Amino acid sequence: MATCPECDADIEVDEFDVDKGDQVSCPECGSNLEVTGLSPIELDLAPEDDEEEEDLDDDEEGGDDDEDEEEDEEDENWDE
């Protein structure tokens, strides 16, 4: 028996049927979970799809623009 990290529901997982890194779905909340430990069974939220990870990478590359905007906002606050 394992516990969903998202909704704390008990999930029936047979430790002999899964390997570390396998993904299961929570029957209560539908979250995709990854097996991170086998004895006892430990579950964590599974990484999102590759497309979303690529989007995050794009955001990191353009992160300098966000910093400039924050600096501009700080400058405006000094004028008040």
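This report walks through the sheet, the cysteines and a few backbone details of the structure above.

## About the model

This is a predicted model, in which local features need pLDDT of at least 70 and side-chain atom pairs count only at pLDDT 80 or more, while totals for chains, interfaces and linings use all residues. Residues are numbered from 1 along each chain as its sequence is written, and side-chain values use heavy atoms, leaving out hydrogens and water.

## The sheet

Let's start with the strands (DSSP runs of E, at least two residues, numbered from the N terminus). Three of them form an open sheet in the order 3-4-5, with antiparallel pairing; two strands pair if DSSP finds at least two bridges between them. At the edges are strand 3 (23-25) and strand 5 (41-45), each of which pairs on one side only. From one strand to the next, the twist averages 45°, taken between N-to-C directions of axes fitted as lines to C-alpha atoms, on a scale from 0 to 180 degrees.

Strand 3 and strand 4 are joined by three bridges, and here Q23 stands opposite E34 in strand 4. Strand 4 (residues 32-38) is joined to strand 5 by five bridges. Across that pairing, E34 faces D44 in strand 5, and L33 stands opposite L45.

## Turns and backbone details

The hairpin of strand 3 and strand 4 has six residues between the strands, and G30 takes a positive phi near 80° there. The hairpin from strand 4 to strand 5 runs through two residues. P40 lies in the loop between these two strands, and the peptide bond from S39 to P40 is cis, with omega near 5°.

Most residues other than glycine have a negative phi, and most peptide bonds are trans. D8 has a positive phi, near 65°. You will find D8 in the loop between strand 1 (2-3) and strand 2 (10-11). D8 is exposed, with a relative accessible area of 58% (exposed means over 50%, buried under 20%, partly exposed in between, using a 1.4 Å probe and protein chains only).

## The cysteines

A disulfide is a covalent bond between the sulfur atoms of two cysteines. Here a disulfide is counted when a pair of cysteine sulfur atoms lies within 2.5 Å, and the count comes to zero. C7 is in no disulfide either, with the nearest cysteine sulfur, that of C26, 3.7 Å away.

Terms used:
Helix = DSSP H or I, 4+ residues; strand = E, 2+ residues; numbered from the N terminus.
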